[in-house]
Amino acid sequence: MVSKMSDSSNSDLHEEPESFVIEKQAQRRIFKIIVIGDSNVGKTCLTYRFCSSKFPDKTEATIGVDFRERTVNVEGEQIKLQLWDTAGQERFRKSMVQHYYRNVHAIVFVYDVTKMSSFENMPGWIGECDQHNLNRDIPRILVGNKCDEKDKIAVNTNLAQKFADSYNMPLFETSAKDDEKANHVDAIFMTLAHKLKNAKPMMPPYLTNHSRNFNTVQLGDSLQKRGLERARAEERNDSCSC
Ligand SMILES: Nc1nc2c(ncn2[C@@H]2O[C@H](COP(=O)(O)OP(=O)(O)OP(=O)(O)O)[C@@H](O)[C@H]2O)c(=O)[nH]1
């Protein structure tokens with residue numbers, strides 16, 4: 001069973017005096033990344049792969065949210081990525097939803113490449129972020145998981161890429177399960193870490209004002225779906241032989 005909280009650090013702090021370690025940790029920037037998408041797409045496995053460097057033996061549907069952390073070195077700075085692995089099932093999300101969306105620094109949207117409905121639901125997840133006033137400028141990444149299931153692929157790369165482009169997000173197709181893709185999973189989160197490091201300096205989440213109000217315009221459902229429709233239309237044009 002996966003652990004609720006793990007911190008895999010690549011720093012060599014163990015050899016430093018305790019007071020120095022505490023001081024260094026106090027200065028360390030923490031970035032909150034939420035991982036969202038349908039139930040069963042592999043959010044828990046992806047975050048576990050990144051934080052514990054392995055595929056979990058067994059997982060159960062996430063209830064509310066699980067947290068995992070990993071400290072990474074980005075261009076000489078130790079930054080802590082705090083991953084919020086959110087429940088995909090509506091009944092396990094309800095009570096926690098407000099907490100997910102506070103003080104978010106980056107978002108990872110996950111779908112299952114073997115399940116078209118999980119991709120088709122992406123506009124809904126993006127819409128949920130908009131409804132909670134998440135700024136469109138915060139880094140976002142689209143991840144198609146379970147690429148190891150080569151015979152079952154239902155969402156082709158071209159369609160996913162067009163969709164990602166329409167939202168200005170990078171697309172990563174990967175597998176939390178495939179050991180050979182472990183570096184790839186790391187690359188996804190490290191891409192975000194680099195983007196976050198170079199963003200404006202931010203206060204750690206525990207120092208920010210939780211009741212902050214945002215003025216982002218909320219987008220309607222129809223606008224959310226337009227990205228998916230546009231990706232589909234462009235794909236039809238691409239595959240037309242005329
Ligand atoms: N083949 C394959 N199976 C995977 C992969 N990642 C996850 N799985 C399996 O997919 C199932 C769901 O994985 P989870 O990580 O629990 O999915 P989740 O998105 O966190 O689900 P919720 O907690 O309900 O939101 C499990 O049986 C995993 O073993 C992958 O990369 N490849």
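Tutor: Two strands pair if DSSP finds at least two bridges between them. Helices (H or I, at least four residues) and strands (E, at least two) are DSSP runs, numbered from the N terminus. The model is predicted: local features need pLDDT of at least 70, side-chain atom pairs count only at pLDDT 80 or more, and totals for chains, interfaces and linings use all residues. Residues are numbered from 1 along each chain as its sequence is written.

Student: In which sense do β6 and β7 pair, parallel or antiparallel?

Tutor: Strand β7 (residues 171–173) pairs with β6 in the parallel sense, over three bridges. Within β7, E173 is the bridge partner of G144.

Student: Which residue of β6 stands opposite V108?

Tutor: V108 faces I141 of β6. Strand β5 (residues 106–112) and β6 are joined by six bridges in the parallel sense.

Student: Why is β6 described as largely enclosed?

Tutor: A residue is buried if 20 or more other C-beta atoms lie within 10 Å of its own, exposed if 12 or fewer, and partly exposed in between; C-beta atoms are placed from the backbone. In β6 (residues 140–145), six of the six residues are buried, so the rest of the structure largely encloses the strand.

Student: Which residues lie on each side of β6?

Tutor: In a regular strand, side chains alternate between the two faces of the sheet. Here R140, L142 and G144 are buried on one side, and I141, V143 and N145 on the other.

Student: Which residues of α7 are buried?

Tutor: In α7 (residues 157–166) they are A160, F163 and A164. Viewed down the axis of α7, its buried residues fall within an arc of 100 degrees, so they line one face of the helix; the arc is that of the directions from the helix axis to the C-beta atoms.
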